[in-house]
Amino acid sequence: MVVSTSILSIRENIEQKLEQLNQTDTDYIHLDVMDGKFVKNQTRDYVPLKNHIKKPIDLHLMVEDVPTYLEHYQQMHPEIVTFHVEVNTNVEKLIHRIKEKKMKVGISLKPSTPVTFLFPYLEEIDLILVMSVGPGAGGQMFLPFVVSKIELLKRIREERGYHYLIEVDGGINAETKKFCKEADILVSGSFITNQEDYQKQIDQLR
Ligand code: DX5
Ligand code: ZN
């Protein structure tokens with residue numbers, strides 16, 4: 001299983017903890033960007049941490065104004081840029097903007113948003129991020145009802161020959177990962193970064 005480590009729950013010594021994360025075999029570092037509009041919380045600017053991140057970046061934009069954040073974060077060269085289908089913007093345009101920048105494009109959906117909202121875009125996107133908690137905070141409980149979405153998306157991919165990866169994000173730990181066998185990438189934050197030995201936690205998710 002591919003693992004993407006969210007650093008949202010790291011509160012202090014972030015540079016040192018990123019160094020520690022660079023020493024693990026995490027496949028990605030997942031950066032959660034919140035604007036205080038799309039979600040209540042607001043996150044720090046991650047750009048000053050650029051030189052401390054030695055893993056591919058998986059950028060999760062929980063923001064209304066996607067183009068502005070995309071312009072800002074492109075200097076970190078994220079491998080994947082994911083935005084929410086619930087934003088009040090032309091989704092098609094956003095997909096093209098990200099593709100123009102030669103980044104992989106992901107679309108995320110909140111737990112309450114049905115998979116049908118993604119149907120117009122399935123052919124052209126590289127990743128679907130299925131949220132398994134309400135967006136906005138780390139350390140929440142996994143919502144089991146999203147499992148059927150993961151399974152449905154996998155079935156559709158097989159039937160229609162689409163190429164998107166399925167990523168699941170929120171409340172993932174050694175127990176809840178068992179419900180996500182059909183996913184390709186697990187995002188996990190507090191389960192990894194609230195412990196001393198990050199690698200030991202990552203090993204439990206593999
Ligand atoms: C929630 C974020 C998630 C989350 C992951 O809004 O998108 O990435 O923080 O952290 P844990 O694993 O603690 O739920
Ligand atoms: Zn996230």
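Which polar side-chain atom lies 3.2 Å from an oxygen atom of ligand 1? The legends below begin with the answer.

Figure 1. The atom belongs to the side chain of His60, at 3.2 Å from a ligand oxygen. Backbone polar atoms also take part: one of Gly139 is 2.8 Å from an oxygen atom of ligand 1, and one of Gly189 is 2.8 Å from an oxygen atom of the ligand. Taken alone, ligand 1 exposes 380 Å², of which the protein buries 99% (Shrake-Rupley accessible area, 1.4 Å probe). A polar contact here is a pair of N or O atoms within 3.5 Å. The model is predicted, local features need pLDDT of at least 70, side-chain atom pairs count only at pLDDT 80 or more, and totals for linings use all residues. Residues are numbered from 1 along each chain, chains are lettered from A and ligands numbered from 1 as written, and side-chain values use heavy atoms, without hydrogens and water.

**Figure 2. The shell around ligand 1.** Ligand 1 is surrounded by 20 residues, the closest being Gly136, Gly139, Asp169, Gly189 and Ser190 (a heavy atom within 4 Å). By class, the shell holds 7 nonpolar, 11 polar and 2 charged residues, with Gly counted as polar. At least two shell residues come from each of β2 (28-34), β3 (57-62) and β8 (185-188); β2 gives the most, with 3 residues. Strands are DSSP E runs of at least two residues, and helices are H or I runs of at least four.

**Figure 3. The largest pocket, in which ligand 1 sits.** The pocket has a volume of about 320 Å³. Among its 28 lining residues, Gly138, Gly139, Gln140, Gly170 and Gly171 are the closest to its centre. β2, β8 and α5 (190-193) each supply at least two lining residues. The lining comprises 13 nonpolar, 13 polar and 2 charged residues. A pocket is an open set of points on a 1 Å grid where a 1.4 Å probe fits, with protein on both sides within 12 Å along at least five of seven lines; lining residues have an atom within 4 Å of a point. A molecule sits in a pocket if more than half of its atoms lie within 2 Å of the grid points.

Key:
Polar contact = N/O pair within 3.5 Å; in protein donor to acceptor, adjacent residues only side chain to side chain. Points joined across faces, edges and corners; volume = space filled by probe spheres on them.
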